[in-house]
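Welcome! Here is a friendly walk through one protein model, starting from a single residue and widening out from there.

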Amino acid sequence: MPDTLVSAESSIAGLPDDLVPAAERLFLNARTPQSWSDRPVPLETLHRLYELVRLAPTAFNGSPARFVFLTTPEAKERLRPALSRGNLSKLAAGVIAIVAYDRRFTEHLPVLSPHFDPTPLFTNDPALTEATAFRSGTLQAGYLILAARLLGLDAGPMSGFDADAVDREFFPDLRLHANILVALGHAEGPPARPRAPRLDLSQAVTIL
């Protein structure tokens, strides 16, 4: 079965009327820009963005993601050597967010998980610590994208970069490790091409 084009009508079919505007804003109308305006993102918006992201769930409420918002041309230029050629154009966005994860996130667990301290689960288990930090930190990157869209920003996630080079530039003590980059700001003009196809439910979903 071929991949199917996204249909806004089918995607919102059956949704309650009061959910349609949110679905349109977060999923149906939102696109990853191919070109970016240099319109700045207010500091207040970045604060609101994090206030939303921090409320979403992570394993044991561990919240391992750490966010570095590059807002000035000078800060964004520090990132240039680590980017793949295809992502260089995203430096024009108002903000580039480095979403990293804290390899020592477990230090905060007694406070963040007061009803059950899971710290002993991670003691002497660096593989579990790394996997948990990566998995929940990646979730938080997804929350960042949705929260940005909710606040009226466009978002462009990037995996085409040298994470070790980002670490050397921004996290030399190696406590944090760069996971995903996200361009945040405003598209320069309408989408340059139609939305690409997505897998049909029958191709991607199994219900047992």
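Leaving aside neighbours within four places in sequence, Thr-45 is in contact (heavy atoms within 4.5 Å) with Leu-151 and Leu-153. Thr-45 belongs to helix H3, residues 43-53. Helices (H or I, at least four residues) and strands (E, at least two) are DSSP runs, numbered from the N terminus. With a relative accessible area of 17%, Thr-45 is buried. Here buried means under 20% relative accessible area, exposed over 50%, and partly exposed in between, with a 1.4 Å probe and protein chains only.

A word on where these values come from: this is a predicted model, in which local features need pLDDT of at least 70 and side-chain atom pairs count only at pLDDT 80 or more, while totals for chains, interfaces and linings use all residues. Residues are numbered from 1 along each chain as its sequence is written, and side-chain values use heavy atoms, with hydrogens and water left out.

**The whole protein**

Stepping back, the protein has nine helices and four strands. Their order along the sequence is α-α-α-β-α-β-α-α-α-β-α-β-α. The C-alpha atoms fill a box of roughly 50 × 50 × 35 Å, taken along the principal axes. Of the 208 residues, 39% are buried. Among contacts between residues at least 6 apart in sequence, 81% join residues at least 24 apart. The protein exposes about 12200 Å², and carbon and sulfur atoms supply 58% of that area; accessible areas come from the Shrake-Rupley method with a 1.4 Å probe, and for residues only the protein chains shown count as cover.

In an unreviewed entry, UniProt carries the annotation "domain: Nitroreductase" for residues 31-170. Such positions are given in the numbering used here, feature names are shortened, and annotations may be inferred rather than shown by experiment. The end C-alpha atoms of residues 31-170 lie 29 Å apart, and the span is 41% helix and 14% strand.

**Helix H8 and its cover**

Which residues of helix H8 (residues 163-170) are buried? They are Ala-163, Ala-165, Val-166, Asp-167 and Phe-170. Their cover includes strand E1 (65-70), helix H4 (73-77), strand E2 (95-102) and strand E4 (176-185). At the start of H8, a side-chain oxygen of Asp-162 reaches to within 3.1 Å of the backbone nitrogen of Asp-164.

For a sense of distance, take Ala-165 and Leu-201: 36 residues apart along the chain, their C-alpha atoms are separated by 39 Å. Leu-201 is found in helix H9, residues 201-204, and is exposed, with a relative accessible area of 58%.

**Salt bridges**

A salt bridge is a side-chain nitrogen of Lys or Arg within 4 Å of a carboxyl oxygen of Asp or Glu. By this rule the count comes to nine. Three of them are listed here.

| Salt bridge | N to O distance |
|---|---|
| Glu-169 and Arg-78 | 2.7 Å |
| Arg-103 and Glu-130 | 3.3 Å |
| Arg-175 and Glu-107 | 3.2 Å |

Glu-169 lies in helix H8 and Arg-78 in the loop between H4 and E2, so this pair ties together parts that are 91 residues apart in sequence. Glu-169 is partly exposed at 37% relative accessibility, and Arg-78 is partly exposed at 41%.

Arg-175 sits in the loop between H8 and E4 and Glu-107 in the loop between E2 and H5, so their bridge ties together parts 68 residues apart in sequence. Arg-175 is buried, with a relative accessible area of 18%, whereas Glu-107 is partly exposed at 48%. Salt bridges that share partners join Arg-66, Asp-102, Arg-104, Glu-107 and Arg-175 into one network.

**Two asparagines in loops**

Asn-61, in the loop between H3 and E1, has a positive phi of about 60° although it is not a glycine. Asn-61 is partly exposed, with a relative accessible area of 33%. Asn-124 also has a positive phi without being a glycine, at about 65°. Asn-124 lies in the loop between helix H6 (119-122) and H7 and is exposed, with a relative accessible area of 76%.

Note on methods
A polar contact is a pair of N or O atoms within 3.5 Å; within protein, one must be able to donate a hydrogen and the other to accept it, and residues adjacent in sequence count only if both atoms are side-chain atoms.
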